[in-house]
Structures are given as C-alpha cells and as structure tokens.
Amino acid sequence: MAHPGSTRYDSATRQLEKATARTGAGARSAVGVVAVISAAFGAVAPVSLSWLAPMLALHLVWTALFVRVWWRNVPLPHWLVAGDVVITVALCFAQRHLVAGEALVTGSSWVAGAVTMTIVIAGITWKPKVVVPVGLVVAGAFAAGVRIASPSQDVAGTLGIHLVQLLAIVMLMTLLRRSAAATDAFLERSVRAGISRMVERLRREDELKQVGSIHETALHTLTMVGLGTYDEPSPTLKAQVRTDLAALEKLRDTPRADSAPIALDTLLDEVAGRATGLEVRRDLTPETVPGNVAERFARAVTEALANIALHAGVREAELSSRRRDGEILVEVADAGRGFDQEQLPPDRFGVRGSILDMMRSLPNGGAQISSSAQGTRVSLWWRP
C-alpha cells in the first residue's frame, strides 16, 4: 500500500504525476547522454579539460540518477530536480571554460540544451510559484555565462527563447493539473453517489420487509376478524394483537432519512464484491447501524480496498466486522508492502481524507492505520 492514492481508482492526478515523471526522467537522461557526448567531441580551444572533465563527470552521475528514476517509474524526487538546477547553473557560469566559441555564437552549445531540459524538468515537478523564479534564475545564469565568456555576444534572443520555454511548460502543466483535479473530483463524486445508491437501495429493501411484516401480521389478523374467524375474544387473538401492535410501534419509531437503519454487514459485503482486481475474504457479523454511519464505513472500506489493489502488491485482502467493548469494529487487512504515514505527501487525500478524517469526524467514531513491511491494517470503529 505504498504511496496510497486519493480514491478507489488510480487518480488522474497520480497518473499525470507518473506519466510526466517517467517522460521527463527519460528525456533528461537522453539529453544528458547527448550533452556529454557533444561536450567531449566539441572540446576544442578555449575549452579547458581540467574544467570540462569534472563537470561532465558530475553531469553524468546526475544523469544516471535520472535513468534510475525512469527505470523504476517513480515520481521525480524534489532533491534530484533541485540538484539538477544547481548543476546547470554552475555549468552556465563556467561556459567560458566548457564551450567552444563557435557554439556560443550560434547558441547551439550543449549547455543550452541542458538549460532547456532543466526548465522543463522543474516545470513538471514543481508548482508555478516555485518554477517561475527557478526558471528565471537558470535562464539568467545562462545569459550571464555567455556574456562572461563573450562580452560582445547578444544574449537577448536566447534569453527570450528560454523565457518562452518557461512560460509554455508552466501553462501546460497548470492546464494538465487542473484537468486532472477536475477528473478526480468527478470520480470522487461518482464513488460517493454509488455508495449512496447502495445505502438507499438497502433502506428501501428494509422498508419493504417492514411493510411485508405488517401485511403478514396486522392486516392478516384484521382480515381473520372481518371474516368472523374469531366469534369472541380469545387468548390466541389477544396474543396476536399484542404482537401486531409491537410491529406497528416499531415501524412508527423507525428513523428516516440519513439515520434510517442499514444492515452494515450486507453493505460491506457488497462493497467487497465490487473491489476490482482483489479477492476479499470476509468475516462479517450482522449489525444494523444508522444510514449515515453505514455510508461512512462503506466509503472508508472502499478506499482501503482500492489502496490495497493499487499499491500493496498483493491480490488478497481480509474484511471483518465485529463488536468490541460496545463498539462496532470494521477492519481491512493485507499482507503486502506497507507504507510510512509520516512520509505521505500533503496532496495524498485518500488515507487522510477518505479514511482517517472522515471516520474521526463521525460522533463516537474513529480510525487507525498500522503498517509495516509485513502488511497494513485499517481499523474503523463507531460506538452506538
């Protein structure tokens, strides 16, 4: 259950992060290798080998780290991108020792390619409030480095190109992130609507059962009296009437709307049956809870099962419910790889919002998650 997502599906935001990270890491790796080769073949005067060799070695090591990220298909670490920015800025200021004069004049140096790639990588990793100042620093460092190497060189054109690149990547990633967030919000509403429909259907089934019980008791008794089956009061009739009145009073006292009772075990059984790509073993004790409580349990269990299917690396899970010291306890467990809750990014809403905060906001409710290399257990409870 490493890096849990935000919903029962692999969220659009997470898919965007994975896709851009893999693409960016792959592109950075390719550009890094090409840059090293170009720098080696273009090492003519006034290029200084004593400067070029250590710089290329450092650049190659950082490129290898990007290759590792691409190979493992994981999000780009912020420290890796920050290090790339620092290295690129250093390359920019050292251009007079690293780039031949002809490459400086034409603006086709290998350092220029590194600058472009650094701006792109920063744009897909960080938000605009960070990317814009970082991009300006990198573009400015390149222009300053060119001027240091060749004071007469016009840098306005190259600086303008880098600023356009910065603006383009910021606009593109802003649009993609907004679209992904809108998709996530829509799918989250769909999940909630699906659970609400299940709860409403169970409410309706319960109402039909109660109506059926009235038909089989009070209406049946009245029909028998009307047909003259009982000519005079009898102990059997009195006992039946008492039973019928008790059933009617129970129906009268049944809460409506969100507090209408729901068979929690039936709802959870249906939720488990809908888990995609996961075999869920169930041990559910029959319990009836208010509808709003049942819905909270269902949403939290849906999220927990989705995280197992997406991130735990296993295809089996356990779902159980029982009474514990007066509380109704529901647990979801797996034997997959665990995760560190303290390392969860702030934008990972699933564990915090869809499980912990949601259950803890329920009066007399709560939730706890324990995770290790041996698996993860999600405990949800509510006290009537």
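**Entry 1. Terms and model.** I count two strands as paired if DSSP finds at least two bridges between them. I take helices (H or I, at least four residues) and strands (E, at least two) as DSSP runs, numbered from the N terminus. I note that this is a predicted model, in which local features need pLDDT of at least 70 and side-chain atom pairs count only at pLDDT 80 or more, while totals for chains, interfaces and linings use all residues. Residues are numbered from 1 along each chain as its sequence is written, and side-chain values use heavy atoms, with hydrogens and water left out.

**Entry 2. The sheet.** I looked up the strand order and found an open sheet of five strands, E2-E4-E5-E7-E6, with mixed pairing. Strand E2 (279-284) and strand E6 (365-372) each have a single partner strand and stand at the edges, so one side of each is left without a neighbour in the sheet. On average, neighbouring strands of this sheet are turned by 15° against each other, direction ignored. I then followed E6 to E7, which it pairs with in the antiparallel sense over eight bridges. In this pair, Ser 372 stands opposite Gly 375 in E7.

**Entry 3. Strand E5.** I found that eight of the eight residues of E5 (327-334) are buried, that is, under 20% relative accessible area, where exposed is over 50% and partly exposed lies in between (1.4 Å probe, protein chains only). Glu 327, Leu 329, Glu 331 and Ala 333 point one way, and Ile 328, Val 330, Val 332 and Asp 334 the other. E5 pairs with E4 (316-324) in the antiparallel sense over seven bridges, with Ser 320 opposite Glu 331. The two strands form a hairpin with two residues between them, and Asp 325 in the turn has a positive phi of about 55°. E5 also pairs with E7 (375-382) in the antiparallel sense over seven bridges, and there Asp 334 stands opposite Thr 376.

**Entry 4. The largest core.** I define a nonpolar core as a set of buried Ala, Val, Leu, Ile, Met, Phe, Trp, Tyr and Cys residues joined through side-chain atoms within 4.5 Å. The largest has 47 residues, and Leu 76, Leu 98, Trp 110 and Val 111 have the most contacts inside it. Helix H6 gives the largest share of this core, nine residues. I looked up Leu 76 and, leaving aside its neighbours within four places in sequence, found it in contact (heavy atoms within 4.5 Å) with residues including Ala 21, Phe 66 and Ile 121. Apart from this core lies another, of 38 residues, among them Ala 272 and Ala 298.

Definitions and conventions:
Axes fitted to C-alpha atoms, helices over the stretch in contact; angles between N-to-C directions.
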